[in-house]
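Me: Hi! I'm new to this one and would like a friendly walk through it. Could you show it to me?
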Amino acid sequence: MIFATTPSQTVGPYFAIGLPWEAGPHAVPPGTPGAIRIAGVVCDGAGQPVPDNLIETWQADPAGRFADLHGHGGPSALEGFRGFARSGFEVGDGSWGIVTVKPGAVPGPGGAAQAPHIAVSVFARGLLHRCVTRIYFADEEAANAADPVLASVPADRRATLLAQPTDDGYRFDIRLQGPGETVFFAV
Amino acid sequence: MSRSTTDTPTSYEREPEGAHPPLDHPGYKSTRLRHPRQPLIRLPQTVTEITGPQLGPARLLGPHDADLTRQHEGEPIGERIIVGGRVLDTEGKPLRDTLVEVWQANAAGRYRHRSDRWPAPLDPGFSGAGRCLTDDAGRFRFTTIKPGAYPWGNHHNAWRPAHIHFSLLGRAFAQRLVTQMYFPGDPLFAYDPIFNSVRDPAARERMICRFSIHDSRPDWAPAYGWDIVLRGPGATPFEAAL
């Protein structure tokens, strides 16, 4: 290591000037077959909504391919697949939401498959550094049971990582503090 | 893997304690109900964490993305400045083609945001947002207006030192960074709980840009240089099978 990293600072209350954009919440283009909405509410330790939340997600496509610089796993067959979404509002009510497709399984530690999951960064006023969590899917019981990352989470907290099916996708709430606190990870 | 990933690490160094501010920092009141109380769980760096988005095409909108003084018909009020530098990793390797997003208050310390109630004037010539992609040497450059300091409600007589917000995507989810760039010699540093949330004084210095006579343009704008350092490759091999 030659240089030390630049420290993180809060995204602050005014990030909407620079970060959200119209297509930001869409990890896939409008009209993509199989598109789902994943949405929820971000709450603080008093159970109050966090209106100035900024959520970013990153994931593979249904075949386990990533739209990164090198096209990890090979090029996606989904036209316009970006795999990244950003949700944030100038004047929010605590909710967040993205439109995407359900990711496929990708390799995990030691070659074991990981259950379908989405990486999540949580930013907000009052967060001096992002909080990292993962979205898993409650209806992937067999895959979840074999997932090495979920296995590393105390059993009584795993449910905080499970998105629950809804009419148009899944619901995933994020609780920053207190009862039912979402599991956050050190990357 | 079929394609070259020679400039893309397969793991990232775990950051030392204190590299970033603690999430629980009582001096900054908004952390009180927002910091997680449970310990973080160590996440193995799998393919999900060592890859990241390429947002250039989605986010670069026009010729004045990186010149915040030319986004409106009229010119903004204030001190025109150039802010430039490089995005590097801890090995000193430049990160090319990575998106740099900035946002800031105007010269009077007012943000163009519906929630900003500070009664300083808005500037019809200034939105306060910019974007650019780093070049092959990891360089970025913005032309903007030096932002003003502004009061906030954290404590009695609280003022934020002038700063520009920076968002860096890096090459991987693991490298994502949002931070703030400060200006040298600001008398408000001593009183700002956000700046001082970084406990190591040397680390705080890494958030302060430097005046550069070399990059200043005669009869046009003084320049400030600031290099941003993101996490570098880890010593351990990739933790997941490829």
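This is a predicted model: local features need pLDDT of at least 70, side-chain atom pairs count only at pLDDT 80 or more; totals for chains, interfaces and linings use all residues.
Me: Which strand of chain A is joined to β1(B), and how do they run?
Reply: That is strand β12 (residues 185-186) of chain A, joined to β1(B) by 2 bridges, and they run parallel. Two strands pair if DSSP finds at least two bridges between them. Helices (H or I, at least four residues) and strands (E, at least two) are DSSP runs, numbered from the N terminus.

Me: What is the bridge partner of A:Ala186?
Reply: A:Ala186 has B:Arg42, in β1(B), as its bridge partner.

Me: Thanks! How many residues does each chain bring to the contact?
Reply: Chain B brings 91 residues and chain A brings 74 residues, where contact means heavy atoms within 4.5 Å.

Me: And how much area do the two bury?
Reply: About 7,200 Å² between them, with 61% of it on carbon and sulfur atoms. Within chain B, the residues losing the most area to chain A are B:Arg34, B:Ile41 and B:Phe173, together 12% of what that side buries. Buried area here is the accessible area (1.4 Å probe) that two parts lose on being put together, summed over both.

Me: How many residue pairs are in polar contact across the interface?
Reply: The rule finds 40 residue pairs between chain B and chain A, both residues at pLDDT 80 or more. A polar contact is a pair of N or O atoms within 3.5 Å; within protein, one must be able to donate a hydrogen and the other to accept it, and residues adjacent in sequence count only if both atoms are side-chain atoms.

Me: Which residue does B:Arg34 meet in a salt bridge?
Reply: B:Arg34 meets A:Asp52, at 3.0 Å from N to O. The pair crosses between chains: B:Arg34 is in the segment before β1 of chain B, and A:Asp52 is in the loop between β1 (36-43) and β2 (53-58) of chain A.

Me: Is that B:Arg34 side buried or exposed?
Reply: B:Arg34 counts as buried because its relative accessibility is 5%, and A:Asp52 is buried too, at 10%. Buried means under 20% relative accessible area, exposed over 50%, partly exposed in between (1.4 Å probe, protein chains only).

Me: What about B:Glu101, which residue is its salt bridge with?
Reply: With A:Arg86, the closest N and O atoms being 2.9 Å apart. B:Glu101 sits in strand β3 of chain B and A:Arg86 in strand β3 (residues 84-88) of chain A. Both B:Glu101 and A:Arg86 are buried.

Me: And which residue pairs with A:Glu56?
Reply: A:Glu56 forms a salt bridge with B:Arg176, with 2.6 Å between the closest N and O atoms.

Conventions
Residues are numbered from 1 along each chain as its sequence is written. Chains are lettered from A and ligands numbered from 1 in the order in which they are written. Side-chain values use heavy atoms; hydrogens and water are left out. A salt bridge is a side-chain nitrogen of Lys or Arg within 4 Å of a carboxyl oxygen of Asp or Glu.
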